[in-house]
Amino acid sequence: MNLMVTGTSGFVGQNLSSYFIANGIQVSNISLRNLNWQKQFNTVQSDAIIHLAGKAHDTSNTSSAEDYFKVNRDLTISLFEEFFKSDIRDFFYFSSVKAVADTVDGKLIEDVVGKPITPYGQSKLQAEQYLQAQPLPAGKRLFIIRPCMIHGPGNKGNLNLLYQIVKKGLPWPLAAFQNQRSFLCIDNLIYLIEMMLSTLNVPSGVYNFADDETLSTNDLVTLIAHSLDKAPRLMHISPRLIKSMVRVGDVIPMPLNSERLKKLTESYVVANDKIKNSLGIDRLPVTAFEGLSKTIASFNKIS
């Protein structure tokens, strides 16, 4: 099998490419930053395109809306048009759960009506809508993947921010916020992509990617503390007071602003039943606890 992958410099791209190469699969990197990428596209023989490249959500809100649409929507459309004309069988578009919902009541499923409020989510959704509107030729498959928060060894982000707080012995001041969140460890992501590539009866469509279990932020703080041989320090401060304080971070650069507070404290549960049913599996190979423990252990090694 030969794969064409965009975004190989990113966390997911590096891990996917390394895994497939180690397992004897040829991986060709297509950089959409190259103005002549179409020429390279036409010289590569591939069975599937895994389109990971995109502009990630900027929590500091310094990016213009136009930037998101140029990258996440317009480049995706251009790449899909080349796929449409080619002999390549599968097109995997990595969208996001944030393409359809910035907040979730209950459990997020695939057929929810998308109502993103950020340019990031809107650009991802518009790309999805274009792809789904195109009639696929016989023998081709289109997979729109909506992952929740992806993590793994080497990944930076809010998990690392949480780790640094606990490592410094600082109390976790947001313990009064009660939530449940879905995560996606890189091992489960790779497993699902590999299964979809090798299972030819999986139909085209939109698929959520998430681990089977959820954890609260307080669970994460406790897990991190135990990995450091520390007692978790959970401080219960009034959520109303916290929300009023972080507004300062929306104006002046600070570690915590409204966007980060939302990411750290909101409930966001994502259903993964559709992809498991399509693949005929009951459970993913790595539990949420195992995956997060592995990621946190990697922070211990580099700290």
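Okay, helix α6, residues 186-198: it has 13 residues and spans 19 Å from its first C-alpha to its last, close to the 18 Å expected at 1.5 Å a residue. That expected span is 1.5 Å times one less than the number of residues. Helices here are DSSP runs of H or I with at least four residues, strands are runs of E with at least two, and both are numbered from the N terminus.

Before I go on, this is a predicted model, where local features need pLDDT of at least 70, side-chain atom pairs count only at pLDDT 80 or more, and totals for chains, interfaces and linings use all residues. Residues are numbered from 1 along each chain as its sequence is written, and side-chain values use heavy atoms, with hydrogens and water left out.

Back to α6. Which of its residues are buried? They are I186, N188, L189, I190, L192, I193, M196 and L197. Buried means under 20% relative accessible area, exposed means over 50%, and partly exposed is in between, with a 1.4 Å probe and protein chains only.

Now the sheets. There's an open one of six strands, ordered β2-β1-β3-β4-β6-β9, with parallel pairing. At its edges sit β2 (26-29) and β9 (205-209), each pairing on one side only. Two strands pair if DSSP finds at least two bridges between them. On average, neighbouring strands in this sheet are turned by 20 degrees against each other, ignoring direction. Take β6, residues 141-147: it pairs with β9 in the parallel sense over five bridges, and P147 has F209 in β9 as its bridge partner.

Helix α3, residues 65-85, lies across β1, β3, β4 and β6, and runs at about 175 degrees to β4. Axes are lines fitted to C-alpha atoms, for helices over the stretch in contact, and angles run from 0 to 180 degrees between N-to-C directions.

The other open sheet has three strands in the order β7-β8-β10, with mixed pairing. Its edge strands are β7 and β10 (214-215), each pairing on one side only. β7 and β8 (residues 181-185) run parallel and are joined by three bridges, with M149 standing opposite F183 in β8.

Next, a helix pair. How do α5 and α7 pack? Their angle is about 55 degrees, and their axes are 10 Å apart. So α5 is oblique to α7; under 35 degrees would be roughly parallel, over 145 roughly antiparallel, 65 to 115 roughly perpendicular, and the rest is oblique. On the α5 side the contact is made by L159, L162, Y163 and V166, and on the α7 side by T217, L220, V221, I224 and A225. Contact means heavy atoms within 4.5 Å.

N155 is in the loop between β7 (149-151) and α5 (158-167). Is N155 buried or exposed? At 16% relative accessibility, N155 counts as buried. Setting aside neighbours within four places in sequence, N155 touches F11, I150 and F299.

D229 sits in the loop between α7 (217-227) and α8 (239-246). D229 isn't a glycine, yet it has a positive phi of about 60 degrees. With 74% relative accessibility, D229 counts as exposed.

And I242, in helix α8, is buried, with a relative accessible area of 6%. Again leaving out neighbours within four places in sequence, I242 is in contact with P173, L174, F177, I237 and L261. I242 and L223 are 19 residues apart in sequence and 23 Å apart in space, C-alpha to C-alpha.
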